[in-house]
2 protein chains.
Amino acid sequence: MNILTIKKLKRIVIIGAGFAGLQVAKKLRRDKFQVVLIDKNNYHTFQPLLYQVATAGLEPDSIAHSIRNIVKKKKNFFFRLASVHYINTNKKEIITNIGNLSYDYLIVATGSVTNYFGNKNIESHALPMKSIPEALNLRSLILQNFEQAILTKDTQKKKKLMTFVIVGGGPTGVELAGALAEMKNYVLPHDYPNLDIQNMEIHLLQASTRLLDGMSEQSAKQAYKNLENLGVIIWLNCLVKDYNGDVVFIKENKKIQTENVIWTAGVKGAIIKGFLKEDIEGNRILVNQYLQTIRYKHIFAIGDVALMKINRYYPNGHPMTAQPAIQQGNYLANKFNINCFFDNNQAIKPFIYKNSGSMATIGRNKAVCDFSFFKLKGFLAWIIWMFVHLVSLVGFRNRVIALMNWIIQYFQYNKSVRLIIRPFHKKKKVI
Amino acid sequence: MNILTIKKLKRIVIIGAGFAGLQVAKKLRRDKFQVVLIDKNNYHTFQPLLYQVATAGLEPDSIAHSIRNIVKKKKNFFFRLASVHYINTNKKEIITNIGNLSYDYLIVATGSVTNYFGNKNIESHALPMKSIPEALNLRSLILQNFEQAILTKDTQKKKKLMTFVIVGGGPTGVELAGALAEMKNYVLPHDYPNLDIQNMEIHLLQASTRLLDGMSEQSAKQAYKNLENLGVIIWLNCLVKDYNGDVVFIKENKKIQTENVIWTAGVKGAIIKGFLKEDIEGNRILVNQYLQTIRYKHIFAIGDVALMKINRYYPNGHPMTAQPAIQQGNYLANKFNINCFFDNNQAIKPFIYKNSGSMATIGRNKAVCDFSFFKLKGFLAWIIWMFVHLVSLVGFRNRVIALMNWIIQYFQYNKSVRLIIRPFHKKKKVI
């Protein structure tokens, strides 16, 4: 079965509607190309705010946007809800669960998945937070464990239910720890007046010597201080060896008893089958400075899954975050639009990543921002963080709804969507 | 295991946090009683707007409200997330999945469940819409079937995927049919430009001779006209005999081929085990004019599950809607609060239901309202419908978010949350 029969123009197939794939899809000129965007979901996920869904601050529908809504009324554009099994590079087609699709140009923008560094125990017991269903599972688990804690007389068990271990001190881990700490300080004591909230412990475990490795030393220290003030227990130089669903084993024979481990310690490229081993390094697809795969002239990779090693500022590849993804999508769309088919690379300007800064929020009135020429912290940084995230959200409705939620939360000291819509069952982790 | 050990005052246990249960829980004086509210969800569901969740107009979190948030900071109040297995009337305790709980007074407010009138085929193939997960399943199914329709070359199959049969012409059926028709008219043609939207058929099947049986003839006619103008195919005097997942069989050998049957044709009381057969009629618990069960002085029933037959205006019981539920909750709380323990009924004023009107919306600018002295239709009725539903929603946040969604939808002619967050699998209908 061919999943798309209409064809007049050269067909560009994009796999993945994350930041990178969506950007290139939106920017490609549709009078020149037929564009087919494929994703396993019918929505784009704004991943930077997943932690707020997990901590009952935002409803999931505020950070998701229907892909068909984004591209509606655009001609020569097709969306297909499908999972790609592999790429047949010889036939120039992709094989999916809904049929095969030929391409003239293929853009792989499959993003990344949670990296458990090969530890199967951790993978089966810890909770990831890379997708909306995963964030909702986490939200359900937090609330279910509190409901269970009020019924438990065994004090050790009670404490385990109320202990949260976040592994990974990057922006996701820091923001999640901060949001959980605010739940502890403002929300949960009212919900569970008969529980001793002091039993609730939030641990943030970081393998390196400091938090927020990608940001400045100054911002890392500020985040550390803010989290400590909120009551988060921070472990630096702390490597997790194992987790059996009950106890987190840390190097040097330390351990933490907990039923809640959230794994934000790393991601790896979401590779698609069809590439040769030599074309992949550390689970990312090697690309040249034009984002073209090194073996196939007609295949490109952008975003988290792409690894460009030639750049002298980023010899190990660009950071696996939204910014490089969006810029790469932009770059590729522009190059295609100006009739540059990458057949002869000499005349093309290579892709250069412009780091426009990075930021992380810790809680109300608390954030850190690093820009090229200055750094910010506190209230102003927090306002900038909110502004940047609001304008980056896809869709007018989502921006309005997220803003209203934030305003109401700010004045009510509340996180309203503490709802267990679909209970989480540990044994059935897959959605 | 006893699920609650603290006890000083007389304990009133309420089963169910719907309109009735929540109302009595909120109103009971906590200096006089210890109140325990039990529900199988940790949130209250605003059922009148479920159809908007199903048709991508509202996110689920806007019509749900955390029960703990409603009653936070209230002393002598306890919420337990539990399913009640049965009532041991001799021991005066309830048996739940988390343990037993004794009561001094018990208020059964378990509401109602979808009534398939014993047809197992329909039950396993049709979709109900009585809970948030069910509404989300419906949302997913509608979108999944459209995604499948664009891939289907078999024209008969394509049409079946795009044909919607709503069984039941009460307010829920009418409102759902109207919302689906608006999706057909404004939203889906943009999302699926390569599908012939004329293939999308919306059938509304009503067993009686007119729509909206509970409302005036005039309003029923107006709703009929509005729905017809929106393109809904209405079948009156139409009894569904069977549905096999493929074909709806109607009396007199008519049939409709469809993969989407939504069952809003009836509800029945959600009975709890522990009552004698004689105390139940048509799946509702018989109560006297004080909402007291006929056999047990200490057990009361309110809302959909209660059947009071003595009232001369409602000889077959009150309508199974929000209004009687709320009024009954209020009545019972007030009576308890003024030290009236129903041991001697003589001095107590019986419950009298005051019908303050009924309404249904058909689509933008279209609604019908019946009040005691006047009837309304069109734009003004629609504004009133929205206002009444907004103020009835629980929680300031929910009101603000629902209002913002409605305003944006109104100007954008859009229903934004067309998201398949958790795909629906027909074979795994239970959540």
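In this predicted model, chain B contains an open sheet of three strands, ordered β14-β15-β16 and paired antiparallel. Its edge strands are β14 (240–243) and β16 (254–257) of chain B. Each of these pairs on one side only. From one strand to the next, the twist averages 20°. Strand β15 (residues 247–250) of chain B runs antiparallel to β16(B), and four bridges join them. Within this pairing, B:F249 has B:K255 of β16(B) as its bridge partner. Strands of a sheet pair through backbone hydrogen bonds, either parallel or antiparallel.

A further open sheet of three strands in chain B has the order β6-β7-β8, again with antiparallel pairing. Here β6 (84–88) and β8 (99–102) of chain B stand at the edges. Each has a single partner strand, so one side of each lacks a neighbour in the sheet. Neighbouring strands of this sheet are turned by 20° against each other on average, direction ignored. Four bridges link β6(B) to strand β7 (residues 93–96) of chain B in the antiparallel sense. B:N88 has B:E93 in β7(B) as its bridge partner.

Parallel pairing also occurs in chain B. Strand β2 (residues 33–39) of chain B pairs with β5(B) in the parallel sense, over five bridges. B:I38 stands opposite B:R80 in β5(B). Strand β5 (residues 77–81) of chain B has five of its five residues buried, so it is largely enclosed by the rest of the structure. Both of its faces are covered. On one side, B:F77, B:F79 and B:L81 are buried.

B:A265 lies between β17 (260–263) and β18 (267–269) of chain B. This residue has 24 C-beta neighbours inside 10 Å, and therefore counts as buried; the cut-off is 20 or more. Leaving aside neighbours within four places in sequence, B:A265 is in contact with B:V167 and B:G168. B:F33 is 232 residues away from B:A265 along the chain, and their C-alpha atoms are separated by 39 Å.

Chain A is divided into two domains. Domain 1 covers 10–40 + 82–114 + 268–347, and domain 2 covers 120–265 + 364–425. The C-alpha centres of domain 1 and domain 2 of chain A lie 33 Å apart.

Two helices of chain A were examined for burial. Seven of the nine residues of α1(A) are buried, so this helix is largely enclosed by the rest of the structure. The buried residues are A:F19, A:A20, A:G21, A:L22, A:Q23, A:V24 and A:A25. Their cover includes β1, β2, β3 (43–45), α3, β9 and α9 of chain A.

Helix α9 (residues 322–337) of chain A has 16 residues. At 1.5 Å a residue, they should span 22 Å. The end C-alpha atoms are 22 Å apart, which agrees. The buried residues of α9(A) are A:P324, A:A325, A:Q327, A:Q328, A:G329, A:Y331, A:L332, A:A333 and A:F336. They pack against three elements named β1 (10–15), α1 (19–27) and β2 (33–39), among others of chain A. The packing partners also include β9 (105–108), β21 (299–301) and β22 (306–308) of chain A. Just after α9(A), A:N339 takes a positive phi of about 65°.

A:V84 is found in strand β6 (residues 84–88) of chain A. With 22 other C-beta atoms within 10 Å, A:V84 is buried. Beyond its neighbours within four places in sequence, A:V84 is in contact with A:I15, A:I38, A:I94, A:T96 and A:I272. A:V84 and A:I95 are 11 residues apart in sequence, and their C-alpha atoms are 6.0 Å apart in space.

The two chains also meet. Contacts involve 37 residues of chain A and 37 residues of chain B. On the side of chain A that touches chain B, at least two residues each come from β4 (64–66), α3 (67–70), α5 (132–151), α7 (171–191) and α11 (396–412) of chain A. The largest share, six residues, comes from α11(A). By class, this side of chain A has 20 nonpolar, seven polar and 10 charged residues.

Technical notes. Residues are numbered from 1 along each chain as its sequence is written. Chains are lettered from A and ligands numbered from 1 in the order in which they are written. This is a predicted model: local features need pLDDT of at least 70, side-chain atom pairs count only at pLDDT 80 or more; totals for chains, interfaces and linings use all residues. Two residues are in contact if their C-beta atoms, placed from the backbone, lie within 7 Å. Ala, Val, Leu, Ile, Met, Phe, Trp, Tyr, Cys and Pro count as nonpolar, Asp, Glu, Lys and Arg as charged, and the others, Gly among them, as polar. Domain bounds come from an automatic or database domain assignment. Two strands pair if DSSP finds at least two bridges between them. Axes are lines fitted to C-alpha atoms, for helices over the stretch in contact, and angles run from 0 to 180 degrees between N-to-C directions. A residue is buried if 20 or more other C-beta atoms lie within 10 Å of its own, exposed if 12 or fewer, and partly exposed in between; C-beta atoms are placed from the backbone. The expected span of a helix is 1.5 Å times one less than its number of residues.
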